[in-house]
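Q: I would like to learn how to read a model like this one, feature by feature. Where should I look, and in what order?

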Amino acid sequence: MAASPAAATPQRTAEQQAGLLWSYIRGFHATHLMATGIETGMLAAIDRRGAATPADIATELGLHAPYVTTWCRTACAYEVLDADGGERFRLAPFMRELLVSRGDPRHIGAYVSIMQRYGGPDLTDHARHYRGGSAFTFQEHGRDFSQLVADTTGGLQTFVARRLLPGVADIRTRLEAGCRLLDVGCGAGGLMTRIAQAWPAVRCHGVDVDPHGIAAARQRISEAGLAGRVTVAQAAGESAHDDGGFDVATLFEVLHEIPVPARPGVMAQTFAALKPGGILFIVDETYPSSHAELRQPEYAFSVQTAYNELTWGNVVPTREEQDALLTGAGFRDIERTQVAGMFTQIIAHKP
Ligand SMILES: C[S@@+](CC[C@H](N)C(=O)[O-])C[C@H]1O[C@@H](n2cnc3c(N)ncnc32)[C@H](O)[C@@H]1O
């Protein structure tokens, strides 16, 4: 970014600048408010009842009524709840899909919970990590964290399995015909189970270094009755996986999580695992390439991810870094598409 254009703030008053900072502080409280609503069951109870008073909710869930009253009123101020009059509250439009319905592709409630439960403590620890450059890695966060990550990515996995993958004509043909798919960094196996359910002739193999993810994946695959078509191994992406046997390889929310020195090895082994003509499919964040891009809305999520995953040891690559990794491994014909204004879909081919 050394030679990038300037990113200067336009003329603003001190009040406007103070307003900007207060909006960030409000966001902090709103995140905790949503997380409390999820953890206590208040959001789900209001959804079930359609509309409810704080007294109804407190009685149903065994909560302290005065606190519930303040929570409901604050949630109304933050536009998470609407007030019906007479101290009755209901969910504001789309809050069911966004905060209550876990299977909905638009669900961000699990992300809210992960921010509160793990993001908060991680960020509180930043100053200590900054002194020596230490890290607290993804895998060190433990089993519940791995499970919560799986819940966070679930909605988008459904979208990938049913819309994005078949949206690439070359991949759709292979899914229909029954191909072999390698999922590098498969975590709890959610993407593979969704692909196998949507495409009955596809066989999947997943690898991940996270033992908690692999244990959860094994359980999920067996519960879904997919053990005959979906397998997993606790292995690094940079180790060999059945050279030349796969038609499609996926890395879903993985590239930015791989330690930078290991990335060329992961790409080389993924390339080796594919048949000639095989296709690589990546969905991940792309970091801005210039200071001006730091402020562009399409990079807001990747800037946030790079910040809140910084002390996990994660580095979100720029598009130049992504391209260099792919071409360095031998991939050609790289195509990029933006997904949901937050992610980048990358397709690349093994000649
Ligand atoms: C954000 S999670 C995504 C997991 C999964 N793809 C999903 O959709 O839930 C990133 C995953 O990449 C895995 N990972 C990081 N470095 C890896 C490596 N070198 N080889 C294999 N997996 C790796 C992590 O253990 C973690 O499970």
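**Reading the model**

A: In H15, Gln322, Leu325, Leu326 and Ala329 are buried. Note at the outset that this is a predicted model.

Q: How are the buried residues of H15 placed when seen down the axis of the helix?
A: They fall within an arc of 90°, so the buried residues of H15 line one face of the helix.

Q: What do the buried residues of H15 pack against?
A: Their partners are helix H12 (263-273), E8 and strand E9 (343-349). Just after H15 comes glycine 330, with a positive phi of about 115°.

Q: Which residues of helix H3 are buried?
A: In H3 (residues 54-61), the buried residues are Pro54, Ile57 and Ala58. Seen down the axis of H3, these residues fall within an arc of 100°, so they line one face of the helix. The cover over the buried residues of H3 includes helix H2 (42-49) and helix H4 (65-77). Glycine 62 follows H3 and has a positive phi, near 65°.

Q: Is phenylalanine 94 buried or exposed, and why?
A: Phenylalanine 94 is exposed because 10 other C-beta atoms lie within 10 Å, and the cut-off for exposed is 12 or fewer. Aspartate 333 is exposed as well, with 11 other C-beta atoms within 10 Å.

Q: How should I read a nonpolar core?
A: The general idea is that, in soluble globular proteins, nonpolar side chains tend to be buried together. In this model, the largest nonpolar core has 52 residues, and those touching the most other members are Val160, Leu165, Leu181, Ile195, Val202, Val248 and Ala249. Helix H8 (residues 143-167) gives the largest share of this core, 7 residues. There is also a second, separate core of 20 residues, with Ala52, Ala58, Val68 and Leu81 among them.

Q: Leaving aside its neighbours within four places in sequence, what is leucine 181 in contact with?
A: With that exclusion, the contacts of leucine 181 are Ile195, Val202, Cys204, Phe246, Asp247, Val248 and Thr250.

Q: How many residues surround the ligand, and which are the closest?
A: The ligand is surrounded by 28 residues, and the closest are Thr153, Gly185, Gly187, Asp210 and Gly237. The elements giving two or more residues to this shell are H8, helix H10 (190-198) and strand E4 (203-208). H8 supplies the largest share of the shell, 4 residues.

Q: How do the residues of the shell around the ligand divide into nonpolar, polar and charged?
A: The shell around the ligand has 15 nonpolar, 8 polar and 5 charged residues.

Q: Where do glycine 178, tryptophan 312 and glycine 85 lie?
A: Glycine 178 is in the loop between helix H9 (169-177) and strand E3 (180-184). It is partly exposed, with 13 other C-beta atoms within 10 Å. Tryptophan 312 is in the loop between helix H14 (300-308) and helix H15 (319-329), and is partly exposed, with 19 other C-beta atoms within 10 Å. Glycine 85 is in strand E1 (residues 81-85) and counts as exposed, with 6 C-beta neighbours inside 10 Å.

Q: Into which domains is the protein chain divided?
A: The division gives domain 1 (16-102) and domain 2 (135-349). Taken over C-alpha atoms, the centres of domain 1 and domain 2 are separated by 34 Å.

How values were computed
Residues are numbered from 1 along each chain as its sequence is written. This is a predicted model: local features need pLDDT of at least 70, side-chain atom pairs count only at pLDDT 80 or more; totals for chains, interfaces and linings use all residues. A nonpolar core is a set of buried Ala, Val, Leu, Ile, Met, Phe, Trp, Tyr and Cys residues joined through C-beta atoms within 7 Å. Two residues are in contact if their C-beta atoms, placed from the backbone, lie within 7 Å. A residue is near a molecule or strand if its C-beta atom, placed from the backbone, lies within 6 Å of it. Ala, Val, Leu, Ile, Met, Phe, Trp, Tyr, Cys and Pro count as nonpolar, Asp, Glu, Lys and Arg as charged, and the others, Gly among them, as polar. Domain bounds come from an automatic or database domain assignment. The arc is that of the directions from the helix axis to the C-beta atoms.
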